[in-house]
Amino acid sequence: MTTFTPTASEEVQSAVQWALAEDAPLEIVGHGSKRAIGHPVQAAHTLDLSGLTGVTLYEPEELVLSAKAGTPLAEIEAMLAARGQQFAFEPMDYGPLLGQPAGRGTIGGVLAANLSGPRRLKAGAARDHILGISAVSGRGEAFKSGGRVVKNVTGYDLSKGMAGSWGTLAVLTDVTFKVLPAAETETTLAIRGLYDEDAAAAMALAMGCSAEVSSAAHLPENLSSTVADGALAGESATLLRIEGFGPSVAYRIEHLKQLLRNAGRLDEIAENMSRAIWRDIRDCMPFADGTERPVWRISMAPADTHRMVLALRMEMAADAFYDWQGGLVWLRLETDPEADLVRQLVRKFGGGHATLVRANQAWRAALPVFQPQPGPLAALSARLKNEFDPKGILNPGRMAPVERSASVLTSGLTLSASESEGIS
Amino acid sequence: MSGLAMPKPDADTIRRRAEIVADMRIIVPGEGVVDTVNEMRVFESDGLTAYRQLPLVVVLPETVAQVSRILKYCNERNVRVVPRGSGTSLSGGALPLEDAVLLVMSRFNRILEIDYPNRTVVAQPGVTNLGITNAVEGEGFYYAPDPSSQIACSIGGNVAENSGGVHCLKYGLTANNVLGIEMVLMNGDVVRLGGKHLDSEGYDLLGVMTGSEGLLGVVTEVTVRILKKPETARALLIGFPSSEQAGQCVADIIGAGIIPGGMEMMDGPAIRAAEDFVHAGYPLECEALLIVELDGPGVEVDHLIGRVEAIGNRNGATTCRISQSEQERLTFWAGRKAAFPAVGRISPDYYCMDGTIPRKELPKVLHGMRELSEKYGLGVANVFHAGDGNLHPLILYDANIPGELDKAEQFGADILRLCVRVGGVLTGEHGVGVEKRDLMPEMFNQIDLDQQMRVKCAFDPNHLLNPGKVFPQLRRCAELGRMHIHGGKLPFPDIPRF
């Protein structure tokens, strides 16, 4: 059991080369804030990047920031805020949901997990803002991709290739992101008392108008008290966020109110409360209950997800709320993650991706945490992994398909046939 | 062709041409196979017309099954394939090879689905960029990326090149607006990436595919997001005595938290050529001209126009006009949009470059370009996507003068080296293709390039899809895959650990 704590990129490379020479797989961690997502990694040794820190370049007028991969996200966000800027993709903080402290996480982890938040609808995710990377592949080679400019089509975009790779392709040492001005102000319009179906219609209407709604979420009645210290308690809340310059925000809120005048009771929520609400939705606070009850993060086409949730509720008790106009469903179940049923319903209602972001270790070891891929795509992904990490020394098993192993059998869980079929 | 080495044609493939053509006719019946020299002539080059080559045969499939069968066939028989959309590439991305099937996707020209509640369009790859906007503008929507070739270029080609346009500072590139694709791999596998949903699990192969210049797979379907048209748009035309002042104005606009819908700069030679051509009313005495377009709700646009005007004046603007009508806004743009043909009027030929630089380096790069211009004895005019640092120098030359094309190409290469030296890149939106292929080592070392080629190996291990593009030197995948593990049991005593 060795833990490497490199403070320079060259030391990261040395550690990976050591692991290669020893044929000793590494678990790659930053702060470990998202360590409970994915399959438990099967590695005896740890490569801890939390000492590889420092913002190496920040030019606000060029809208660009570079940092060592282990730099705390909180430190970078504070630095951006001091200059009126931000990561427009609003990276979420998984800490509270996973029973960890809030405010942890590194900038490398932001990219490796392809984080985003409610503004994903308008501004995209980490993948849409990464400009360049340096990394050490599982071959022990230090390589770079991209650069520090926004417009760049020179060679394959391996920077995007790192997004959502959960440390299984290469160890990031440096990242360069596009940053953007933070909005001068924001206001949220809440429609109160809608059922899921009417909320979906209202959100589609709002997103299809020229008011430039930057976030759209729906909290059903049973969850509306769980954000912003209960400020929305009592009725369901369908939330539409408008951001920008003061006069523009006021004008667009009026536009929305006209558009939605027959939708239900409309509340205007001013800047500070609006920010608090969206931060809590971003971090999935409604399910940050200190338990390990299964939580799914499901991405589908927005308009019909409420039908998927309804169909699921015919089968079992489930709590759900919606972000991204309904395109992101956060789903909490009682004990069994019901992976089969959830993914079957996702498929039935148009397809998409379901990730089991919270579950106890036994379930995570037994079930495909990430959406199983069809054969040719799974084969292509496996070939890509092999090109970056032929010896399988980086985070082995974290994203990989589940095999029927002894540990699964001894844990007393059983896999259904379709579960293993989808991941072949 | 000025000394560009392409992969050595495979004599065996060329010898088997008749057989391959006959087999293609079985896979694509009807008029989908073109094999006479006269009919193939139209396909011999793309937008980079200095390079020409007749393909082995041209095939125009109509179904995904046909694409899959063609690629599988070629993969099994070791036949190279060059995919082509509308053929508007400015970097030779669709340049045919003598021993390669040219796979033309233009018959995939239908829009398959328009979904307003989810604000997505599903289109076949041969649909033009503008065709998507045309299909949804009746409902007030549009597709944001707008490369200047948008009337002709295909959405499949946009995915291959990660196309930009003048609005991408605010609305993103193709990569930020495509939600999903269906593609066929060289082995015939049909793979879907993403869809109408935003987040896709697994490796971001969609991100890797976008901008991969037809080397990884052939796109057979594209799902894009569409946006509601902004309520209004107005533009400012701001003239400066120097590019330094214009550059500082751009920095100050962004520093004030304003992200314009479009922000373009032209230098003196470009201003004068454009004005001479379209009479847009550009101030001829200026050395730098900015077009700043603000879009959104009327109240926001009016609010920001005032702030941008003040920033311009603070930076020494000598003229500042604000469009008072849609007609006037379009007039401001007319000169910029006609800049390329305008330069074409003052010079027999021009060569368009495409580097990106950190914006603050603009004065240094413009100065360097003037020196190079004197060194090579060729003129240069500049148009510049000022918001995102994407520079389009137009090198003026005369192809009829022996050696001048070579000189223009060397001048262009020197400009790109300069871009890389100041922290920029070789190409912002036109792609590497064959044009900038041999300059790749200016930006990447061999390890960087090898890792990119290994990605290629995961998709196309025999290097059959669009070979000779992007990478200056092809290495066999078996060789790239070899591991060189040093020593073994190395202690690495200097690594901190506990």
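A polar contact is a pair of N or O atoms within 3.5 Å; within protein, one of the two must be able to donate a hydrogen and the other to accept it. In this predicted model, 34 residue pairs, both at pLDDT 80 or more, are in polar contact between chain B and chain A. Helix 18 (446-459) of chain B gives the largest share of the side that touches chain A, namely ten residues. Other elements of chain B that each supply at least two residues to this side include strand 9 (190-194), helix 10 (243-255) and helix 12 (298-314). Sorted by class, the side of chain B that touches chain A holds 48 nonpolar, 32 polar and 27 charged residues.

Charged partners also meet across this interface, where eight salt bridges are found. One of them joins A:Arg127 to B:Asp204, with the closest N and O atoms 2.5 Å apart.

The extent of the interface can be described by residues and by area. In chain B, 107 residues are in contact with 92 residues of chain A. The two chains bury about 8,400 Å² between them, and carbon and sulfur atoms give 58% of this area. B:Asp199, B:Glu201 and B:Tyr203 supply 10% of the area that chain B buries against chain A, more than any other three residues.

Chain B itself is divided into five parts: domain 1 (11-104), domain 2 (111-228), domain 3 (232-276 + 283-340), domain 4 (347-437) and domain 5 (446-481). The C-alpha centres of domain 1 and domain 3 of chain B are 45 Å apart. An unreviewed UniProt entry annotates residues 51-229 of chain B as "domain: FAD-binding PCMH-type". In the model, this span is 23% helix and 26% strand, and its end C-alpha atoms lie 39 Å apart.

Note on methods. Residues are numbered from 1 along each chain as its sequence is written. Chains are lettered from A and ligands numbered from 1 in the order in which they are written. This is a predicted model: local features need pLDDT of at least 70, side-chain atom pairs count only at pLDDT 80 or more; totals for chains, interfaces and linings use all residues. Side-chain values use heavy atoms; hydrogens and water are left out. Domain bounds come from an automatic or database domain assignment. UniProt positions are given in the numbering used here, feature names are shortened, and annotations may be inferred rather than shown by experiment. Helices (H or I, at least four residues) and strands (E, at least two) are DSSP runs, numbered from the N terminus. Contact means heavy atoms within 4.5 Å. Buried area is the accessible area (1.4 Å probe) that two parts lose on being put together, summed over both. A salt bridge is a side-chain nitrogen of Lys or Arg within 4 Å of a carboxyl oxygen of Asp or Glu. A polar contact is a pair of N or O atoms within 3.5 Å; within protein, one must be able to donate a hydrogen and the other to accept it, and residues adjacent in sequence count only if both atoms are side-chain atoms. Ala, Val, Leu, Ile, Met, Phe, Trp, Tyr, Cys and Pro count as nonpolar, Asp, Glu, Lys and Arg as charged, and the others, Gly among them, as polar.
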